[in-house]
Amino acid sequence: MSESFAFAPPAVVSVPVLGHTERFPVHRIYCVGRNYEEHAKEMGFTGREPPFFFLKPADAIVVAEAGQTASIPYPSLTKNLHHEIELVVAIGKGGRNIRAQDAAQHIYGYAVGLDMTRRDLQSDMKKQGRPWCIGKAYDQSAPIGPITVAADAGAINEAGIWIQVNGTDRQRSNVAKLIWNVAETIEVLSAAWELQAGDLIYTGTPEGVAAVVQGDTMVGGVDGLTSISVQVA
Ligand code: MN
């Protein structure tokens, strides 16, 4: 007997996978805060602290298809919308208390993502010691490109990571500069939550975060993965 619902349940959020017809169904979106030293410094911190996490709702995903420019609206309430280019890890096998040395077995693939941030609202919440949700977890705050399966992603832990806005460099660094690398992040994260297949981890952004305005086009990438193009409509 099939269940019935009071209203139509929301569609499953999913991300395309390069070279596969099956899509990656999204369970949760975890994000790592201040995970590149120079970005931590630009935000007023020392750059050395244990990893910490926040979440975005799964339906904050906006898929930027390969070779196309996706569109996101300029969000409500903010006057300071920032881009954060990030390597995203897609979890294919869940678990808790995963050791860093075993983390690779849990990784389905990788993608390029944008942790879009209403920076003024986040800063207000920080000052008041309140949750960051309104600054970070707003609607359509998590653009993402197609997932590349791990076997095809090459030397992702030493890949260049970059974003240009209207053709000009804004952020350019290397995944090797992560304070907590992908395996370590999975170890710490999986001690706090049981990871599930379908979880995405936005691993943090390097220095150079800055504002975008209506009409700007962001093109970002991690070498070895499909780059993304997203316009602020
Ligand atoms: Mn971020």
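Two residues are in contact when heavy atoms of theirs lie within 4.5 Å. Keep that in mind for the exercises below, which work through a predicted model.

**Exercise 1. Find the surroundings of Arg119.**

Task: Work out which element holds Arg119, whether Arg119 is buried or exposed, and which residues Arg119 is in contact with beyond its neighbours within four places in sequence.

Solution: 
- Step 1: start with the element. Arg119 sits in helix α2, which covers residues 119-128.
- Step 2: turn to accessibility. Buried means under 20% relative accessible area; Arg119 has 5%, so this residue is buried.
- Step 3: list the partners. With neighbours within four places set aside, Arg119 touches Met43, Thr78, Asn80, His82, Glu84, Lys136 and Val209.

One of these partners, Glu84, comes back in the next exercise as a donor of the manganese ion.

**Exercise 2. Describe the manganese site.**

Task: Name the protein donors of the manganese ion, give their spacing along the chain, and say where Glu84 and Asp115 lie.

Solution: 
- Step 1: pick out the donors. They are Glu84 (OE), Glu86 (OE) and Asp115 (OD), at 2.0 to 2.1 Å from the manganese ion.
- Step 2: write the spacing. Along the chain, the donors follow E-x1-E-x28-D.
- Step 3: Glu84 belongs to the loop between β7 (81-83) and β8 (85-91), and Asp115 to the loop between β9 (107-114) and β10 (117-118); the two are 31 residues apart and link distant parts of the chain.
- Step 4: check burial. Glu84 and Asp115 are both buried.

**Exercise 3. Follow Val212 into its strand.**

Task: Which strand contains Val212, and what is in contact with Val212 beyond its neighbours within four places in sequence?

Solution: 
- Step 1: find the strand. Val212 is part of β16, residues 210-212.
- Step 2: judge burial. The relative accessibility of Val212 is 0%, so Val212 counts as buried.
- Step 3: collect the contacts. Apart from neighbours within four places, they are Tyr74, Leu81, His83, Met116, Val165, Arg170, Met218 and Val232.
- Step 4: Gly44 is 168 residues from Val212 along the chain, and their C-alpha atoms are 21 Å apart.

**Exercise 4. Step back to the whole chain.**

Solution: 
- Step 1: count the elements. The chain has four helices and 18 strands.
- Step 2: look at burial and contacts. Of the 233 residues, 51% count as buried. Among contacts between residues at least 6 apart in sequence, 76% join residues at least 24 apart.

Terms used:
Residues are numbered from 1 along each chain as its sequence is written. This is a predicted model: local features need pLDDT of at least 70, side-chain atom pairs count only at pLDDT 80 or more; totals for chains, interfaces and linings use all residues. Side-chain values use heavy atoms; hydrogens and water are left out. Buried means under 20% relative accessible area, exposed over 50%, partly exposed in between (1.4 Å probe, protein chains only). Donors are N, O and S atoms within 2.8 Å of the metal (3.2 Å for Na, K and Ca); water is not among the atoms, so sites may look incomplete.
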